[in-house]
Amino acid sequence: MKELSRLAEAVQASTTMAIDAMFKQMKADGIDVIGFGAGEPDFDTPENIKAAGTAAIAQNMTRYTPAAGTPALRQAVCDRMKEDCGLSYHPNQVIVTSGAKHTVYIALRALVNPGDEVILPAPFWVSYYELIKMVGGVPVIVTATEAEHFKLTAEKLEAAVTPKTKALILNNPCNPTGMMYNRQELQAIADVCVKHDIYVLDDEIYYGLCYDGAEFVSLPTLGAEIHDLCILINGVSKSYAMTGWRIGYACANDRIAKVMANFLSHSTGSPCTISQQAALEALSGDQSQVGVMRAAFEERRDYIVRRMNAIPRVSCIRPEGAFYVMMNLEELIGKTLHGVEIKNADDFADVFLKQGLVAVVPCTGFGAPHFVRWSYATSMENIKEGLDRLERFLAE
């Protein structure tokens, strides 16, 4: 047989899959395990949004839409971005896709030629790395340390730029770290990108989940030049508890938006029509439930950070957004827990699940091999029990 696509064969399965598969099997076997891996809100989709989806079915809104999304939804994206972030786009600059991950892929398809370098700050969401490779790009990893609050600095960005640099992926607030860039930090990054003509895939999917009353600053608001270089990545999954509805969107300049729309038209076509109607209600309807969810996440964050930092040999810094916390394992590396030498996060996650009955996400595949990610998109009851188990696990 002839060889398969080299690009396709080079794509690796998610490094988190082994732990997730073990967790699900243990749960199916009736074992009392608790999972902290979920990258989705544990809340139900708000009733008004579900009603809009149901109404779409009843009204036979079940046919194709334009490949880039319905005009009404694209206008709603413009209106929401203007109201929430102070951004100005027109509907032809909006591309609606089958989820934010899909949006990132289409954006990379629009920008990257084989051999182009894409700068990726670490820790990073595990799929970014593979998505860059899937389009023939070269990931250039720039590590941001915990002492730097896991945030890329302008100096590190400048040092990573080469003649082959095409784009930067910036996730703000960030998965897996929960950290958020302030205006000054973003301006410094924007200046480097403008100086070197670097596109920015600006993933702001968690922008609705920022805590402590902090100001969220959207990168494209920092001037006309950086606005033109940005592909804004967003969607309804996180702020509106709509992960399974699969609606993401991008906002970009006319040229990029047209290329992305053309690519969509020959690949997936339009996203689900029913989901688009639900997303229209999410963006244009009552926004009160966003605040309710945000307040609950903030309460959970405060608890998990306080408890985790009170447990010997582990620690974390306080996340500013999203719903993740990075637990530092540095004091455990090289030690033996329950008969297992802990060489990295994978080892810890494996034995913690088997012996502690708690599933967390090892960040080896996120560019942070001495950390594990806990999601607090779960009940306070689970959070308390999970941390109790951590305390017992480390004490034994």
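Helices here are DSSP runs of H or I with at least four residues, and strands are E runs of at least two, both numbered from the N terminus.

These views show a predicted model, in which local features need pLDDT of at least 70 and side-chain atom pairs count only at pLDDT 80 or more, while totals for chains, interfaces and linings use all residues. Residues are numbered from 1 along each chain as its sequence is written, and side-chain values use heavy atoms, leaving out hydrogens and water.

**View 1. F150, a non-glycine residue with positive phi in the loop between β4 and α7.**
The phi of F150 is positive, about 60 degrees, although F150 is not a glycine. F150 has a relative accessible area of 5%, so it counts as buried (under 20%; exposed is over 50%, partly exposed in between; 1.4 Å probe, protein chains only).

**View 2. Two cis peptide bonds, N172 to P173 and N175 to P176.**
The loop to look at here runs between β5 (165-171) and α8 (183-196), and P173 sits in it. The bond from N172 to P173 is cis, with omega near -10 degrees. P176 belongs to the loop between β5 and α8 as well, and the cis bond that joins N175 to P176 has an omega of about 25 degrees.

**View 3. D197, an exposed residue with positive phi.**
Between α8 and strand β6 (199-203), the loop holds D197. D197 is not a glycine, yet its phi is positive at about 55 degrees. Is D197 buried or exposed? With 53% relative accessibility, D197 is exposed.

**View 4. P41 and its partners from other parts of the sequence.**
P41 lies in the loop that links β1 (34-35) to α3 (47-58). The relative accessible area of P41 is 10%, so this proline is buried. Which residues does P41 touch, not counting those up to four places away in sequence? They are S237, K238, A241, T243, F297, F323 and A377, with contact meaning heavy atoms within 4.5 Å. P41 and A377 are 336 residues apart in sequence, while their C-alpha atoms are 5.1 Å apart in space.

**View 5. Helices α3 and α11 packed together.**
Helix α11 (residues 273-284) packs with α3 at an angle of about 145 degrees, the axes being 8 Å apart. (Axes are lines fitted to C-alpha atoms, for helices over the stretch in contact; angles run from 0 to 180 degrees between N-to-C directions.) From α3, the residues N48, I49, A52, G53, A56 and I57 take part, meeting I274, Q277, A278, E281 and A282 of α11.

**View 6. The crossing of α13 and α14, and the largest nonpolar core.**
Helices α13 (residues 345-356) and α14 (residues 380-395) cross at roughly 100 degrees, with axes that come within 11 Å. The two helices are therefore roughly perpendicular (65 to 115 degrees; under 35 is roughly parallel, over 145 roughly antiparallel, the rest oblique). F348, V351, F352, Q355 and G356 of α13 make the contact with R389, L390, F393 and L394 of α14.
Leaving aside neighbours within four places in sequence, L390 contacts I311, V314, M327, F348, F352 and W374. Another core, of 29 residues, lies apart from this one and includes L73, V77, C78 and L87.

Note on methods. A nonpolar core is a set of buried Ala, Val, Leu, Ile, Met, Phe, Trp, Tyr and Cys residues joined through side-chain atoms within 4.5 Å.
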